[in-house]
Amino acid sequence: VISSYNLLSIMKVLIVVCLVVSAFAAEDALRQLLKSPKDALKLYGSFKAKENLKFRSSEDGLRFRLFRANAEFVASANEQSESTVFGLNLFSAMTSDEKKQYLGLNITGQERNPSVLASSDSKVPLEKLWTNVGAVTVVRNQGHCGSCWTWGAVGGLETRYKNKSGTLRKFAEQEY
């Protein structure tokens with residue numbers, strides 16, 4: 001006969017074991033998919049569908065190898081980090097040269113604008129996650145814009161506007 005105290009202790013241990021096992025399973029999901037060639041191909045197919053990518057059959061093998069190498073990198077980075085989660089994105093099947101096309105600043109035909117924001121004397125926290133307070137808009141893809149600085153600047157301005165006005169508004173990067 002098991003006493004209610006022993007039964008409660010056994011249940012607590014089982015719950016803790018289940019939580020630990022599920023945590024390891026969640027962390028290791030990408031790594032597990034990459035171990036199986038069939039699952040890795042399914043993941044690659046899902047990635048292509050999500051990113052709306054279509055490659056010629058002669059090119060698809062190269063893209064899969066690039067994707068798999070980047071997925072391995074992401075899995076390793078996630079295993080080494082306790083506070084950051086890395087993921088696959090549109091760059092995951094690109095060559096180094098293709099990724100370089102997204103770097104740089106194209107200011108052709110642009111004139112310098114005067115600064116209009118005043119600084120504040122308020123204390124700035126050492127760390128703040130603006131997504132938790134609804135003060136940022138969704139992540140957007142800059143594509144081949146070439147003005148990456150505007151994409152970073154606009155996010156900060158949207159948050160500042162939200163804090164000052166109470167309204168979260170999407171600003172257009174092209175206006176900067």
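Among contacts in the chain between residues at least 6 apart in sequence, what percentage join residues at least 24 apart? The value is 54%, where contact means heavy atoms within 4.5 Å.

## Basis of the model

This is a predicted model, in which local features need pLDDT of at least 70 and side-chain atom pairs count only at pLDDT 80 or more, while totals for chains, interfaces and linings use all residues. Residues are numbered from 1 along each chain as its sequence is written, and side-chain values use heavy atoms, with hydrogens and water left out.

## Overall architecture

The chain contains 6 helices and 0 strands, and its elements run α-α-α-α-α-α from the N terminus. Helices (H or I, at least four residues) and strands (E, at least two) are DSSP runs, numbered from the N terminus. Of the 176 residues, 19% count as buried. Accessibility is classed with a 1.4 Å probe on protein chains only: buried means under 20% relative accessible area, exposed over 50%, and partly exposed in between.

## The largest nonpolar core

A nonpolar core is a set of buried Ala, Val, Leu, Ile, Met, Phe, Trp, Tyr and Cys residues joined through side-chain atoms within 4.5 Å. The largest one has 12 residues: Leu30, Leu34, Ala40, Leu43, Tyr44, Phe47, Phe64, Phe67, Ala71, Val74, Ala75 and Ala93. Helices α2, α3 (37–50) and α4 each supply at least two residues of this core, and α4 gives the most, with 5 residues. In soluble globular proteins, nonpolar side chains tend to be buried together.

Ser92 lies in the loop between α4 (57–80) and α5 (96–100). With a relative accessibility of 5%, Ser92 counts as buried. Beyond residues up to four places away in sequence, Ser92 touches Phe47, Leu66, Phe67 and Asn70; of these, Phe47 and Phe67 are listed in the largest nonpolar core.

## Salt bridges between and within helices

A salt bridge is defined as a side-chain nitrogen of Lys or Arg within 4 Å of a carboxyl oxygen of Asp or Glu, and by this rule the count comes to 7. One of them joins the side chains of Glu72 and Arg31 at 2.5 Å, N to O. Glu72 lies in helix α4 and Arg31 in helix α2 (residues 29–35), so the pair ties together parts that are 41 residues apart in sequence. Glu72 is partly exposed at 28% relative accessibility, whereas Arg31 is buried at 16%. Arg31, Glu72 and Glu79 are linked in a network of salt bridges.

The surroundings of Arg31 extend this picture. Leaving aside neighbours within four places in sequence, Arg31 is in contact with Glu72, Ala75, Ser76 and Glu79. The C-alpha atoms of Arg31 and Ala75 are separated by 5.8 Å, although these residues are 44 apart along the chain. Another salt bridge pairs Arg63 with Glu59, the closest N and O atoms being 2.7 Å apart. These two residues are 4 apart in helix α4 and therefore separated by about one helical turn. Both Arg63 and Glu59 are buried.

## The segment after α6

Lys170 lies in the segment after α6 (148–165). The side chain of Lys170 meets that of Glu173 in a salt bridge at 3.9 Å, N to O. Lys170 counts as partly exposed at 47% relative accessibility, while Glu173 counts as buried at 5%.

Apart from neighbours within four places in sequence, Lys170 is in contact with Thr137, Arg140 and Glu158. Lys170 and Gly155 are 15 residues apart along the chain, and their C-alpha atoms are separated by 8.6 Å.

## The second largest pocket

The second largest pocket has a volume of about 310 Å³. Of the 13 residues that line this pocket, the closest to its centre are Ser122, Val124, Trp130, Arg160 and Asn163. A pocket is an open set of points on a 1 Å grid over the protein atoms alone, where a 1.4 Å probe fits, with protein on both sides within 12 Å along at least five of seven lines; lining residues have an atom within 4 Å of a point. Grid points are joined across faces, edges and corners, and the volume is the space filled by probe spheres set on the points.

By class, the lining has 4 nonpolar, 4 polar and 5 charged residues. Here Ala, Val, Leu, Ile, Met, Phe, Trp, Tyr, Cys and Pro count as nonpolar, Asp, Glu, Lys and Arg as charged, and the others, Gly among them, as polar.
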